[in-house]
Amino acid sequence: MITDAVEHLVRGIVDSPDDVDVRQKNGRRYDTVQVRVHPEDLGRVIGRAGRTAKALRAVVSALPGGQDVRVDVVDTDRRR
């Protein structure tokens, strides 16, 4: 449910919604939701000074069961 909500929110933000990939990984202390987007959309998801990413994290923490979930925006640009 949390991954579906994050995917829905991120698809609404980016220019290339077909390139959005959201995966949940289970950990010992908390679960991690990894968000991967097209490299050109990375700035949109992170936002100015990280505001959009912080807002995504706030929404996830407000969802049922979201207290123990961490949201990571993964940089997939391998040209560096």
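Two strands count as paired if DSSP finds at least two bridges between them; strands themselves are DSSP runs of E with at least two residues, helices are runs of H or I with at least four, and both are numbered from the N terminus. With that in hand, Lys25 has Thr32, in strand 2, as its bridge partner. The model here is a predicted one, where local features need pLDDT of at least 70, side-chain atom pairs count only at pLDDT 80 or more, and totals for chains, interfaces and linings use all residues. Residues are numbered from 1 along each chain as its sequence is written, and side-chain values use heavy atoms, with hydrogens and water left out.

Strand 1 pairs with strand 2 (residues 31–36) in the antiparallel sense, over five bridges.

Next comes the nonpolar core, meaning a set of buried Ala, Val, Leu, Ile, Met, Phe, Trp, Tyr and Cys residues joined through side-chain atoms within 4.5 Å. Buried is under 20% relative accessible area, exposed is over 50%, and partly exposed is in between (1.4 Å probe, protein chains only). The largest such core holds 16 residues, and Val33 is among those with the most contacts inside it. Helix 1 gives the most, with three residues.

Thr3 lies in helix 1 (residues 2–13) and counts as buried, at 18% relative accessibility. Leaving aside residues up to four places away in sequence, Thr3 touches Val22, Arg23, Gln24 and Val33 (contact means heavy atoms within 4.5 Å).
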